[in-house]
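Q: I have a model open on my screen and would like to go through it with you, piece by piece. Could you take my questions as they come?

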Amino acid sequence: SGGMRTPLPDRTYAHTLLSTRCLISHFGIMLYEGRLANCRLLCVNPTEYHSALADVAAADLGLVNLGTWNIATPESLRREMASCLEGGGLPPVRPDEALVKAEACVEKFVRFLKGLA
């Protein structure tokens, strides 16, 4: 808050994520949750495998892959975070909108699985 570290208020994970503009994580399910919440997504990965997966998903998720933790520089992370915070990010998503998106994705996945039978 204002450049100072402050504890999060008593909020649920979903509320915190829906109010977040910039999400930093390694490649995994959290990035998809962040996309659903309209977060700007930055990746710093623990392994080359995770980084390769992030590269594959970059266009679909709109994420910036900064590589693996031992290659990513503090300067590149600072630059991307500043860009995210200055640009304001995407408009926030209301919880009911996020639920509709999530349910549509689940339905699409179920149709895919049924098509395998």
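Q: Which residue in E2 is the bridge partner of cysteine 22?
A: In this predicted model, cysteine 22 has arginine 40 of strand E2 as its bridge partner.

Q: And how many bridges join E1 to E2?
A: There are 4 bridges between E1 and strand E2, which covers residues 40-45, and the two strands run parallel.

Q: What is the strand order in the sheet?
A: The order is E1-E2-E3 in an open sheet of 3 strands, and the pairing is parallel.

Q: Why is one side of E1 and of E3 left without a neighbour?
A: Strand E1 (22-25) and strand E3 (63-68) stand at the edges of the sheet and each has a single partner strand, so one side of each has no neighbour there.

Q: Which strands does H2 lie across?
A: Helix H2, made of residues 29-36, lies across E1, E2 and E3, and runs at about 170° to E2. Helix H3 (residues 48-61) also packs on the sheet, where H3 touches E2 and E3, and the direction of H3 makes about 165° with that of E3.

Q: Back to arginine 40, which side chain does it meet in a salt bridge?
A: The side chain of arginine 40 meets that of glutamate 80 in a salt bridge, with 2.6 Å from N to O. This pair links distant parts of the chain, given that glutamate 80 sits in helix H4 and arginine 40 in strand E2, 40 residues apart. The count for the protein comes to 3 salt bridges.

Q: Changing topic, which residues form the nonpolar patch on the surface?
A: The patch consists of Phe109, Phe112, Leu113 and Leu116, which together have about 440 Å² of accessible area. Of these, phenylalanine 112 has its place in helix H5, residues 95-115.

Q: What is the mean pLDDT, and which element has the lowest?
A: The mean pLDDT of the protein is 87, with 96% of its residues at 70 or more. Among the elements, helix H4 (residues 74-87) has the lowest mean, 82, whereas H3 has the highest, 94.

Q: Last one, how many helices and strands are there, and in what pattern?
A: The protein has 5 helices and 3 strands, and along the sequence they follow the pattern α-β-α-β-α-β-α-α. The C-alpha trace spans about 50 × 35 × 25 Å along its principal axes.

Terms used
Residues are numbered from 1 along each chain as its sequence is written. This is a predicted model: local features need pLDDT of at least 70, side-chain atom pairs count only at pLDDT 80 or more; totals for chains, interfaces and linings use all residues. Side-chain values use heavy atoms; hydrogens and water are left out. Two strands pair if DSSP finds at least two bridges between them. Contact means heavy atoms within 4.5 Å. Axes are lines fitted to C-alpha atoms, for helices over the stretch in contact, and angles run from 0 to 180 degrees between N-to-C directions. Patches are made of residues with over 30% relative accessible area and no salt bridge: like charges are joined within 9 Å, nonpolar side chains (Val, Leu, Ile, Met, Phe, Trp, Tyr) within 5 Å. Accessible areas come from the Shrake-Rupley method with a 1.4 Å probe; for residues, only the protein chains shown count as cover. A salt bridge is a side-chain nitrogen of Lys or Arg within 4 Å of a carboxyl oxygen of Asp or Glu. pLDDT is the predictor's confidence in each residue, from 0 to 100.
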